[in-house]
Amino acid sequence: IYRMHTNTSEEWAQLIFGNANLGDPRRTRRLAVLASDMAENADSSIVKASDTPAKIEAAYRFIRNEKISPQAIADSGFSQTSEAVKQLPLVLAIQDTTGLTFKHSVCKELGDVNCANTLGKPSKTRTLYAHSTLAIDADTEHVIGLLDQYYWFRKSKVKGTKDQQQLRPYEEKESYRWQQTLMDIKIRTGELSNILNICDREADIYEYMTYQKDEGHRFLVRAKENRKLIEPQCNLNQLIETAQGQCCYTINIAQRAGRKARQARITLSYQPITLAKPKRVQGQESPTLSVNVIVCQEKESTQKNPLCWILYTTEPVNTAEDAQKLVRYYELRWRVEEFHKTWKTDGTEVEDLRLQHSDNILRIAIIKAFIAVRLLQLQNMAQRSELAKEVRCTTCVKEMTWKLLWAKVEKDVLPDKVPSLHWLYYSLAKLGGWYDSKRNGRVGVKALWKGWLKLAEMVESAELLISIQQTEKL
C-alpha cells in the first residue's frame, strides 16, 4: 500500500475508497471517481478537478449528501492502512494535532472560540482541529498510511481556574484524544503488539501513559513535565543534570521552519525510573509508573537552543544500540508534521476549501488527507539518496516510463544501464519545474507531483500511439 504513488489515480482511489460502506454502491463508485479526479489535481478546487459539468454536479451532490457519513469515508482508508500494518513486524504510529483555519461562513458551525493563532487574524476565524496518526514501517522508514484521524472544534471556552480545569474528569478533556485514538486503532487492527506509539510532549499525560502500560501497549513519549520520581528519589530535571553519558554519536538535523540544517553531537544516557502519581490525578490509576527513560542532549554546543529530548518508553533499553534505535524512531516523528504541511499548504491546500457546512468540508478534507499521504509517499520515495542510487528505477516505474522521462529531461541517447531511483526522483522534480535555488537538494511536494502528472500524460500518449499503430497493422 505504501507504493501507491506508482499506481494510476484510478487504481489508487479504488484501493483506498472502493470498499467504503456508504449505504449505496453508487455512492461508493462516485467517491472513487471524485477521489481519483482530485488526486489528479491535488491542489485544485473541486470545479477544476472535475473536467465536465456532469462530474462537477455529481461531485457537489455527493459532498452535500447528508446520508454520506464523513467517518465512513475515513474508515475505508483507515482499514486499508490497518491491513498493511498487520503484515509488518514493527510499525511506528506517530500521533500529532494540527488546526485547519477557516474564516468564511462555515465558522458559524465551528463554535465560539477564536482561532488559536489570533495574531493578525480576524476575530471571526475559527479552527477545526485534526488529530492524525501516521503509520511508518520501522524497518524501511516508509510511510504506510493514515491509521486514524479525529476531528473536533471548541464549542466554548473552558471556564474556571487552572486548578479547577485540571480536576475535570480525564475523559472530558481534549487530551483524552490520545487514548481514544489508540482505542480506535485497536478496534481496526485487532491488537497493538507490533505497534510502537510515538508522541510529542503534549502526550506527557500520566493517565495516558498508565493506560498504555496497563494494557501492555508500547510507547515512546517525549517528556514535558518536571515529574517527581520515586526511583531514583529526585525530580526529572535533577536526573537530567546528573545523567552520565553512556554513548556519544552525531545526528543530522534537517532544515525546517527557518532552522538551518546542521549536525549535532549527542550524548545519550538511559535507565529505568519510577514516576510518582500526580496529586491532581483522582482516578484509579496506579500510584506509580515504571518506565525506561532516555536522556538525549547536546552537552557541548554553541547553539542558542541545544537539542534536549527526554523520552519515556516501555521498550527495553539494555544497550546503547537500543537507545540509539529508539532515538531514531523519535526523529521520524517529524513525518507527521510533513504530512500536515502537505495536507494544509504544500500539497492539497485543504484550508482553501470554501464549502458552507462543516460536514461538507469534512467529506472533502478526509479525501484530501489520503491524497496528501500519497504525495508524501512520492516525496519520500528516494529521500535516502545513497540507498536510492543503488536501486534501479524500474522498481517503481515501467521501462517505457523511464525512457520517456530520460528523453524529455536528459535530451540524450538512452544509457546502457537502467538509471537509479535517485535519478528518477530528481528528474521528476525537474519535469515539475523544480530548481535547487537553496542548494539543499530538497524537493517540494508540488514540484514532484506536477512532474509525476506530466510524466503520466506522456506515458498515456505513448501507449495510445502504440495502440493506434498496432491497430493499423491489423
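This is a predicted model: local features need pLDDT of at least 70, side-chain atom pairs count only at pLDDT 80 or more; totals for chains, interfaces and linings use all residues.
## Nonpolar cores

The largest nonpolar core holds 107 residues, and Trp 343 and Ile 367 have the most contacts inside it. Helix α12 (residues 358–380) gives the most to this core, contributing 14 residues.

What does Ile 367 touch, leaving aside its neighbours within four places in sequence? The residues in contact with Ile 367 are Phe 17, Leu 31, Leu 34, Ala 35, Met 38 and Ile 73.

## Aromatic pairs

A pair of aromatic rings is described by how far apart the centres lie and by the angle of the planes. The model has 13 aromatic pairs. In one of them, the ring centres of Phe 78 and Phe 370 are 5.7 Å apart; the planes stand at 45°, so the pair is tilted. An angle under 30 degrees would count as stacked and one over 60 as edge-to-face.

Phe 78 is buried, at a relative accessible area of 1%, and Phe 370 is buried at 4%. Together with Trp 12 and Phe 17, Phe 78 and Phe 370 form one aromatic cluster. Phe 17 is also among the residues in contact with Ile 367.

Tyr 129 and Trp 152 form a stacked pair, with 5.3 Å from centre to centre and 20° between the planes. Tyr 129 belongs to strand β2 (residues 126–137) and Trp 152 to strand β3 (residues 143–152), so this pair ties together parts that are 23 residues apart in sequence. Both Tyr 129 and Trp 152 are buried.

## The loop between β2 and β3

Which residues does the side chain of Thr 140 approach? Thr 140 lies in the loop between β2 and β3. The side chain of Thr 140 makes a polar contact with the side chain of Asp 137, at 3.3 Å. A polar atom of the Thr 140 side chain also lies 3.3 Å from the backbone nitrogen of His 142.

Is strand β11 (residues 308–313) mostly covered or mostly uncovered? Five of the six residues in β11 are buried, and the strand is mostly covered.

Strand β5 (residues 218–222) runs antiparallel to β11 and is joined to it by three bridges. Within this pairing, Arg 222 has Leu 311 as its bridge partner in β11. Strand β10 (residues 288–297) also pairs with β11 in the antiparallel sense, over six bridges. Here Val 295 stands opposite Ile 310 in β11.

## Helix α7

Helix α7 (residues 177–189) has 13 residues, which at 1.5 Å a residue should span 18 Å; the end C-alpha atoms are 18 Å apart, so the two values agree. Just after α7, Gly 190 takes a positive phi of about 90°.

The buried residues of α7 are Arg 177, Trp 178, Gln 179, Thr 181, Leu 182, Ile 185 and Thr 189. What covers the buried residues of α7? The covering elements include helices α5 and α8 (206–215), along with strands β1 (91–102), β2, β3 and β4 (195–199).

Key:
Residues are numbered from 1 along each chain as its sequence is written. Side-chain values use heavy atoms; hydrogens and water are left out. A nonpolar core is a set of buried Ala, Val, Leu, Ile, Met, Phe, Trp, Tyr and Cys residues joined through side-chain atoms within 4.5 Å. Buried means under 20% relative accessible area, exposed over 50%, partly exposed in between (1.4 Å probe, protein chains only). Helices (H or I, at least four residues) and strands (E, at least two) are DSSP runs, numbered from the N terminus. Contact means heavy atoms within 4.5 Å. Rings of Phe, Tyr and Trp (its six-membered ring) pair if their centres lie within 6.5 Å; planes under 30 degrees apart count as stacked, over 60 as edge-to-face and the rest as tilted. A polar contact is a pair of N or O atoms within 3.5 Å; within protein, one must be able to donate a hydrogen and the other to accept it, and residues adjacent in sequence count only if both atoms are side-chain atoms. Two strands pair if DSSP finds at least two bridges between them. The expected span of a helix is 1.5 Å times one less than its number of residues.
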